[in-house]
Amino acid sequence: MRHLIDTTDISVAEVDQILETALDIIADRKKYSEACKGKKLATLFYEPSTRTRLSFTSAMMELGGNVLGFSDAASSSVSKGETVADTVRVIGCFADIIAMRHSKEGAPMVASHYSDVPIINAGDGSHAHPTQTLTDLLTIRREKGRLNNLTIGFCGDLKFGRTVHSLIKALSRYTGINVILIAPEELRLPSYIRREVCDKNHVPTREVETMEEVMGELDILYMTRVQKERFLDEEEFERLKDSFILNPERLRNAKNDMIILHPLPRVNEITRAVDNDPRAAYFRQVENGKFVRMALIYTLLKWAEERSETPTPRLDRSLVNNDIRCSNRQCISNSEDVDHLFRETKNGDLRCVYCEARVK
Ligand code: CP
């Protein structure tokens, strides 16, 4: 059974195939209007969402399928203590495919270990958001005409911003990618992504403190919100929340064909005055999210029907080590009764398989 838990669960060729399908859907939506007739998508959202949940819903409706699920875990038996593992085994009796968002990192991976139907990670804590990445890739492809030879500046909350983590992983598999990281010290990209993703794939990275100093170099400016809900210290959030605000003045030196992306929702990090700039692509990005989710649902259901034997990685029993615990309090392995899985990195560190935190 193939799932989409992490961006790298699908090969570059498969990503390109999903993007091609999305482009084909855009060109001829009618052709796909009954592509998933008789199929059901369950949306299990344990955390708030506007775009992801409703674009999944709209996507399945446009494919001729049906949708069930919950948008508030408190209204489900989760409130009585039902685990992720049991929940997906139950939902698998009612639905053909599941999209899950959860505040605990690694929850969709736990779901994939127990599910008889494909699981799609619709965002897990600060960890990953692979369907936003597919959305971003489709947008870049449509706006820039390519996915290689790009300089992309990631700006804002690079520590908690799961969309940034997933997109960097995805882009690092293409050639000629340059990454510029624009963040305050407290919100820098987790070092494991710089070392184990960028350095490993020979993707140059540079950390800077202002967007102005790099604006003229960028093909893409990827803005992010400071993720209030992830902070343990409210005072720290208050101090950092206005770190970067994009306004027309700051865009003065930007290339004419640079694009501005943002996974949304935004708070104040892009001023309203930027919205009318033709380089502001963030609302076009939202619409691409529906098309690419249509392509993803269609593809995963097709793979499930073909009984593709290519396994989702990281299900190897040799990774189980129940004598140690993950150090990340937000990891699902610290709140549900699951096997504790770790893999060893090249430099001998142990890393939790669910959330990728290093074992201290
Ligand atoms: N981009 C994104 O994940 O938005 P939602 O939180 O509204 O789903």
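What you have open is a predicted model, where local features need pLDDT of at least 70, side-chain atom pairs count only at pLDDT 80 or more, and totals for chains, interfaces and linings use all residues. Residue numbers run from 1 along each chain as its sequence is written.

Of its 360 residues, 46% count as buried (20 or more other C-beta atoms within 10 Å of a residue's own; exposed is 12 or fewer, partly exposed is in between, with C-beta atoms placed from the backbone).

Now switch to cartoon view. The chain has nine helices and eleven strands (DSSP runs numbered from the N terminus: helices are H or I with at least four residues, strands are E with at least two).

Next, look for an open sheet of four strands in the order S2-S1-S3-S4, with parallel pairing (two strands pair if DSSP finds at least two bridges between them). Select 66-70 and 119-124: these are S2 and S4, the edge strands, each with a single partner, so one side of each has no neighbour in the sheet.

Then pick residues 40-45 and 97-102. These are S1 and S3, joined in the parallel sense over five bridges. Which residue in S3 is the bridge partner of Leu-44? Click on Met-100 to see that partner.

Finally, zoom out: along its principal axes, the C-alpha trace spans about 55 × 55 × 40 Å.
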